[in-house]
Amino acid sequence: MKRNGHTSLFGPRGKPLTPSKKAYVGNNYYQATQNRMRRWVPAVVNDSDQTMTAATRSQIIGLARYLHANIGMVRGAVNDLALYSVGTGLIPQSQAERTRAQEFEDYFRSWAAIADTTGRFTFSQMQRLASLRLDVDGDIGFVMVETKEGYPQLQMVEGHRVTNDRDDKSYVDGVRTDKVGRPLGYSLRTGDKYRRVAAKDFILVYDPERADQQRGMSSLAHAINNIRDVSDILDYEKTGVKMASAIGVAITTESGAVDAGSSFIESGFESTDTQLAFDTFQAGMVPRLKTGESIDSFASNRPNPTFQGFLEFLVRDVAVGLGVPVEFIWDTSKLSGTTQRFVMAKASRAFEARQQLLISRLCDRVWRWVIAKGIKRGDLKDSPDWWRVSWQRPARITVDVGREASANLNDIRMGTRTIAEDAGERGVDWLEMRDQSEREASDLIDRAKRLADAHGISLEFAVGLLSSPSPNPPTNPVDFDRVMETKGKNPNE
């Protein structure tokens with residue numbers, strides 16, 4: 001029956017049921033329908049600070065840190081992501097005018113060596129630690145402080161210390177925001193005390209997944225249960241293999257006992273005794289058994305290929321969550337040339353995304369802060385473009401260096417590839433490369449001039465003797481025989 005254009009449901013006595021009385025209302029999406037064939041899932045629709053609470057974060061951080069410390073596949077995957085993303089560090093390249101740019105880069109390089117307030121880490125090491133904490137903890141903080149002389153330094157704060165007192169309702173999970181969600185300050189715990197830091201003096205590095213998210217979550221959160229299951233299964237499987245390896249044969253009797261005069265079992269031992277003497281076994285031995293007795297070889301099929309496939313499935317779950325192909329961190333033996341290039345390309349995208357995250361959320365802000373402090377202190381001269389900077393990334397990984405180098409060279413010759421792009425992929429500053437090339441060319445010309453003057457040969461020929469970029473041998477446009485004769489030497493000698 002329809003009322004007001006809607007279908008009504010009726011109870012046992014014909015009374016219409018309305019949605020207010022918990023009537024079943026259907027939908028076109030089977031996935032949103034709960035039934036007894038699947039376990040209940042807490043499908044909560046709420047803001048991120050309600051579904052990702054401080055208590056949940058604390059528990060996830062503890063589990064993720066334990067797994068990273070004890071499970072090799074987790075440790076290797078996280079460390080590889082940091083290694084190939086950061087390498088020896090992201091290096092700044094100032095975009096100011098050349099004279100000022102070199103001064104800015106030299107100043108930042110000197111600062112980076114003593115960037116940490118504790119004096120333990122360089123700025124490059126801080127970048128690596130930031131990448132590790134992003135995957136394990138979900139985020140990491142940096143407090144921008146100054147020495148008594150006004151020199152800038154960074155204080156690292158791990159994610160579990162960004163929290164607030166429960167009685168302080170102005171902060172949520174260690175972050176205070178305004179009405180539109182802009183961070184105003186952070187609460188940091190040291191022991192039993194809390195201190196507040198303004199947002200302008202604090203950098204929180206995290207990879208957000210939601211628009212209203214103020215804190216990060218561990219990249220291992222989705223796979224924690226699977227990783228724990230892998231650890232438990234491996235422990236059980238290893239125990240089973242040890243037990244199977246400890247049993248050689250099984251002797252079956254009616255009573256479980258043998259005669260004292262048996263030549264197979266020494267006196268004082270029973271077939272059920274685990275302390276069976278090894279010296280009773282001889283090569284080519286033919287035991288004499290009574291009726292009802294038998295000797296059975298104990299064989300085990302553990303571990304089996306099915307278990308190995310199951311284990312690889314769980315490992316893949318970890319890798320997919322980190323955004324890195326499982327073949328890159330686990331096993332590349334099954335890959336062909338084409339699939340290897342695909343895996344490397346996909347892994348490179350993950351590394352580039354991590355690099356861009358560190359650059360946008362950490363490196364750019366640190367550069368502007370350090371250079372501004374240097375100009376304010378009088379250590380550097382001002383420049384209108386002092387804040388502009390790009391970052392030199394580590395060399396890109398490849399599976400075919402020769403093939404790609406040849407293709408890149410052709411692209412440079414055709415003008416479809418720049419020197420800066422090529423040098424950047426190899427982890428080299430193109431300006432420094434050009435400066436070095438200039439120094440080497442000047443040295444080559446100076447040496448060639450000395451050869452030309454000493455032996456009366458042309459400058460071009462002298463340069464060709466010292467360096468020959470062409471496969472063709474250098475030729476001397478000057479009559480070499482005539483020169484040698486004027487020096488009183490036989491040109492045929």
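## The lining of the largest pocket

The lining residues of the largest pocket divide into 7 nonpolar, 7 polar and 8 charged. Here Ala, Val, Leu, Ile, Met, Phe, Trp, Tyr, Cys and Pro count as nonpolar, Asp, Glu, Lys and Arg as charged, and the others, Gly among them, as polar. The lining has 22 residues, and those nearest the pocket centre are Ala54, Ala55, Thr163, Asn164 and Asp173. Helix 2 (residues 54-70) gives the largest share of the lining, with 6 residues. The volume of the largest pocket is about 480 Å³.

A pocket is an open set of points on a 1 Å grid over the protein atoms alone, where a 1.4 Å probe fits, with protein on both sides within 12 Å along at least five of seven lines; lining residues have an atom within 4 Å of a point. Grid points are joined across faces, edges and corners, and the volume is the space filled by probe spheres set on the points. Helices (H or I, at least four residues) and strands (E, at least two) are DSSP runs, numbered from the N terminus.

## About the model

This is a predicted model, in which local features need pLDDT of at least 70 and side-chain atom pairs count only at pLDDT 80 or more, while totals for chains, interfaces and linings use all residues. Residues are numbered from 1 along each chain as its sequence is written, and side-chain values use heavy atoms, with hydrogens and water left out.

## Two residues to look at

Asp173 sits in the loop between strand 7 and strand 8 (175-177). Is Asp173 buried or exposed? Asp173 counts as buried because its relative accessibility is 13%, where buried means under 20% relative accessible area, exposed over 50%, and partly exposed in between (1.4 Å probe, protein chains only). Most residues other than glycine have a negative phi. Asp173, however, has a positive phi, near 55°.

Now find Thr56, which belongs to helix 2. Thr56 has a relative accessible area of 34%, so this residue is partly exposed. Thr56 and Met217 are 161 residues apart in sequence, and their C-alpha atoms are 9.7 Å apart in space.

## Helix 5

Helix 5 (residues 123-136) has 14 residues and reaches 20 Å from its first C-alpha to its last, close to the 20 Å expected at 1.5 Å a residue. The expected span is 1.5 Å times one less than the number of residues.

How many of the residues of helix 5 are buried? The count is 10 of 14, and the helix is mostly covered. Among the buried residues are Phe123, Met126, Leu132 and Val136. Just after helix 5 comes Gly138, with a positive phi of about 105°.

Follow the order 7-6-11 and you trace an open sheet of 3 strands with antiparallel pairing. Strand 7 (152-158) and strand 11 (202-206) are the edge strands, each pairing on one side only. From one strand to the next, the twist averages 25°. Two strands pair if DSSP finds at least two bridges between them. Angles run from 0 to 180 degrees between N-to-C directions, and axes are lines fitted to C-alpha atoms, for helices over the stretch in contact.

Strand 6 (residues 139-146) pairs with strand 11 over 5 bridges, in the antiparallel sense. Ile140 stands opposite Val205 of strand 11, and Gly141 stands opposite Leu204 of that strand. Strand 6 is also joined to strand 7, by 7 antiparallel bridges. In strand 7, Ile140 has Glu158 as its bridge partner, while Met144 has Leu154. The hairpin of strand 6 and strand 7 has 5 residues between the strands, and in it Gly150 takes a positive phi near 85°. Strand 6 is largely enclosed by the rest of the structure, because 6 of its 8 residues are buried. Strand 7 is largely enclosed too, because 5 of its 7 residues are buried.

Strand 8 is joined to strand 9 (residues 183-190) by 3 bridges, and the two run antiparallel. Thr177 stands opposite Pro183 in strand 9.
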